[in-house]
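Look over the fold before reading on.

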Amino acid sequence: MVRHIVAWNFIETLSEEERKAAGQKMKEILEPLAEVVPGVISLEVRVNELSSSNRDVALIGDYESVDALNGYTVHPAHVEAGKYVRSVTCNRACIDYEV
């Protein structure tokens with residue numbers, strides 16, 4: 001199994017209300033991809049609630065294999081979701097590792 005963790009900050013021009021809405025929309029468009037994309041075991045979006053963090057939102061995903069993760073990155077549903085994510089975030093950080 002492969003774990004894929006991506007973290008972003010929201011773009012600075014978003015108000016607090018827009019940040020909350022963006023986090024909720026990211027959750028709504030990313031988490032269901034686990035039911036659509038082959039090889040995805042689970043996807044969870046977490047929005048920062050603690051001031052000790054230096055990222056605003058994270059995606060934690062588990063995949064059957066590296067090939068499944070690679071398939072996810074190019075799957076049309078993920079590509080479409082990514083358009084929205086890129087419109088509201090910046091400073092992407094990612095780590096992938098085998099579990």
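Buried means under 20% relative accessible area, exposed means over 50%, and partly exposed lies in between (1.4 Å probe, protein chains only). The model is predicted: local features need pLDDT of at least 70, side-chain atom pairs count only at pLDDT 80 or more, and totals for chains, interfaces and linings use all residues. Residues are numbered from 1 along each chain as its sequence is written, and side-chain values use heavy atoms, without hydrogens and water.

Start with helix α4, residues 76-88. Helices (H or I, at least four residues) and strands (E, at least two) are DSSP runs, numbered from the N terminus. E80 is partly exposed at 48%. K83 is partly exposed too, with a relative accessible area of 48%. The two form a salt bridge, with the closest N and O atoms 3.3 Å apart. A salt bridge is a side-chain nitrogen of Lys or Arg within 4 Å of a carboxyl oxygen of Asp or Glu. Because K83 and E80 are three residues apart in α4, about one helical turn separates them.

Now the buried residues of α4: H78, A81, G82, V85 and V88. They pack against β1 (2-10), α1 (16-30), α2 (33-36), α3 (66-74) and β4. H78 has 18% relative accessibility, so it counts as buried. Leaving aside neighbours within four places in sequence, H78 is in contact (heavy atoms within 4.5 Å) with L33, Y72 and T73.

Two or more lining residues come from each of β1, α3, α4 and β4.

Strand β4 spans residues 89-98 and holds I95. The phi of N91 is near 55°, a positive value in a residue other than glycine. N91 is partly exposed, at 45% relative accessibility.

Which residue forms a salt bridge with D56? The partner is R19, with the closest N and O atoms 3.2 Å apart. D56 sits in the loop between β2 (40-47) and β3 (57-63) and R19 in helix α1, so the pair ties together parts 37 residues apart in sequence. D56 is buried, at 18% relative accessible area. In total, the count comes to five salt bridges.
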